[in-house]
Amino acid sequence: MKRKINLISEALMYIIMVLQMLYVFTGNIVHELLGIGFFIALVTHIVIKRKWFKAVFSGKTGRSASRRFGDIVTLLLLLNAVVLMLSSMGVSRTLFPWFSFVTNVDLHRYLATSMLTLALVHGGMHCYYVAKNKRRAVILIVILAAAGIATGLALVPYINRHFRKVEIDLSEKTAGEKLELTEQKPLVVYFTRLGNTDFEEDVDAVSGASLMKIGDEYMGNTELLALMVKDAIDCEIVPITVIGEKYPSSYSETTSVARKEIKDNVRPAIREIDISEYDKIILSYPIWWGTVPAPVATFLENNDLSGKTVYLLATQGSAGFASSTRDVERMAKGAQVIEGLSIYSDDIPDARAEIAEWLKSVFE
Ligand SMILES: Cc1cc2nc3c(=O)[nH]c(=O)nc-3n(C[C@H](O)[C@H](O)[C@H](O)COP(=O)(O)O)c2cc1C
C-alpha cells in the first residue's frame, strides 16, 4: 500500500512539474492550484520515505560513492523545494497575494528549472542503482539533466512567447491613480508588433506572446503600456508605424525577419512623428533580440533628439533592458537617456500601479 501511494505521489510530482511548465496554456489559477497539489504530493513522499533521513543523518558509514551522490542530489532537491515553495507563494497573484517574501519572478523560474533538473537526476539515480550497465545509466542521467535545464531556460520561454494570449478588460486594466503634472507633459512614442503586422484575412492567424485579447480585438503589450501612461498623466501617445512592408502575422517568421533587420542594420521607413514641441519623450518598445526593434532605431535616428530627455519603458520576455539602453544612447544623439521600467510580458496587464509610481518619481 505504502509503495503504491509512494509511486502515485512520485508520478504526480513529475506530471505536475510538466504541467507547471505549460502554464501559458493552463492559466494562473490552475498553475497555483497545481503548485499546492505538488507540495502535498511532496510531503506525502517525504513522510513515506522518512527512513531515508535516518540513514543519511545517522552518520553510519558504508554508503557507496554513488549513494552519497544520490543523497546530495536529494538534499539539494529538498532545499530547492522549500525555497521554490516560498517563491511560489511570493509570486502568487490569486491564492497568496498577502505573502510578499521572495517575490522575484525570474528567481521563481530559475528555481523551477533547477527543481525539474534535480528531480530528473534524482529519478535517474534510482535507475543507476538498479542498472546493470552503469555507463549507460550515467549517460541517461546527463541527458536528463540537460533536458531539465533546456526545458526551463529555453523551451518554456519559447512556448510562452509563441502561445500567450491573455483576455483582459481594457478599461479596468488601464484605470488607476491620476497624476497632475506641474511641468510639461511628455510625449509617449511606442512601437508594438501588432500594430505593424500584416494581417491575413483571419486575425486569429496572428500568433505570439504579445497578444492581449480585448473582446474580439487584439492589442500589443507595448500599446497597453502606452495606454496606461496616457490614463495616468493624460498625455499624447503616438505609435511608430512602418510604411511599406509590415511584419508577418506568424510570430516565428517575425522573429526571423527582425533578427535579419537587426543584424543588417536595416532602418525600415516609418510614418513621421512630430516631436518638436516636446522636451521629454517616453519611448516604449518591446525588446527584440536584445535591443530595440529596427523601426524604433529609425525613429531615433530620423529625429533630432538633442537636448531632449528620453525615458525608456521596455517590455520583454525575460531580458530586462538587455543592450537597448546603450543602443538608444548611441542612436538618440545629444539626448539624455534614462532607464525607466522594463516590464516582463506576463506582468503587463497588472502594471498600471507600478507605472503610476514610476511616473510620479520621474515627473511629479
Ligand atoms: C521579434 C521578436 C524578438 C524578441 N526578442 C526578445 C528578446 O531578445 N528578449 C526578450 O526578453 N524578449 C524578446 N521578445 C519578446 C517581446 O519583447 C515581448 O513579448 C514583448 O512584450 C512584446 O511586446 P509587443 O506586444 O508590444 O510587441 C521578442 C519578441 C519578438 C516579436
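Student: Which helix gives the largest share of the lining of the second largest pocket?

Tutor: That is α6, which supplies 7 residues of that lining. Keep in mind that this is a predicted model.

Student: Okay, and what is the volume of the second largest pocket?

Tutor: The second largest pocket comes to about 680 Å³. Its lining has 30 residues, and those closest to the centre are His45, Lys49, Trp52, His122 and His126.

Student: Which elements besides α6 supply at least two residues each there?

Tutor: α1, α3, α4 (50-57) and α5 each do so, along with α6.

Student: How does that lining split by class?

Tutor: It has 16 nonpolar, 6 polar and 8 charged residues.

Student: Let's move to the largest pocket. What is its volume?

Tutor: The largest pocket has a volume of about 1300 Å³. Around it are 48 lining residues, and Asn28, His31, Glu32, Val91 and His108 lie nearest its centre.

Student: Which elements give two or more residues to that lining?

Tutor: The helices are α1 (2-21), α2 (23-26), α3 (28-48), α5 (65-91), α6 (105-130), α7 (134-163) and α13 (352-363), and the strand β1 (165-167) is on the list too.

Student: And which of them gives the most?

Tutor: α3 does, with 7 residues in the lining of the largest pocket.

Student: What about the nonpolar, polar and charged counts for that one?

Tutor: For the largest pocket, the lining divides into 24 nonpolar, 13 polar and 11 charged residues.

Student: Switching to domains: what does the domain assignment give for this chain?

Tutor: It gives domain 1, covering 2-163, and domain 2, covering 166-363. The centres of domain 1 and domain 2, taken over C-alpha atoms, are separated by 37 Å.

Student: Back to the largest pocket for a second, then. Which domains does its lining draw at least three residues from?

Tutor: Both domain 1 and domain 2 provide at least three residues each to the lining of the largest pocket.

Student: Last topic, helix packing. At what angle do α4 and α5 pack?

Tutor: They pack at about 120 degrees, and their axes are 12 Å apart. That angle makes α4 oblique to α5, because angles of 65 to 115 degrees count as roughly perpendicular and only those over 145 as roughly antiparallel.

Student: Is the crossing of α4 and α5 left-handed or right-handed?

Tutor: The crossing of α4 and α5 is left-handed.

Conventions:
Residues are numbered from 1 along each chain as its sequence is written. This is a predicted model: local features need pLDDT of at least 70, side-chain atom pairs count only at pLDDT 80 or more; totals for chains, interfaces and linings use all residues. Side-chain values use heavy atoms; hydrogens and water are left out. On a 1 Å grid over the protein atoms alone, a cavity is a set of points where a 1.4 Å probe fits but cannot get out, and a pocket is an open set with protein on both sides within 12 Å along at least five of seven lines; lining residues have an atom within 4 Å of a point. Grid points are joined across faces, edges and corners, and a volume is the space filled by probe spheres set on the points. Helices (H or I, at least four residues) and strands (E, at least two) are DSSP runs, numbered from the N terminus. Ala, Val, Leu, Ile, Met, Phe, Trp, Tyr, Cys and Pro count as nonpolar, Asp, Glu, Lys and Arg as charged, and the others, Gly among them, as polar. Domain bounds come from an automatic or database domain assignment. Axes are lines fitted to C-alpha atoms, for helices over the stretch in contact, and angles run from 0 to 180 degrees between N-to-C directions. Angles under 35 degrees count as roughly parallel, over 145 as roughly antiparallel, 65 to 115 as roughly perpendicular and the rest as oblique. A crossing is left-handed if the near helix is turned anticlockwise from the far one by less than a right angle, and right-handed if clockwise.
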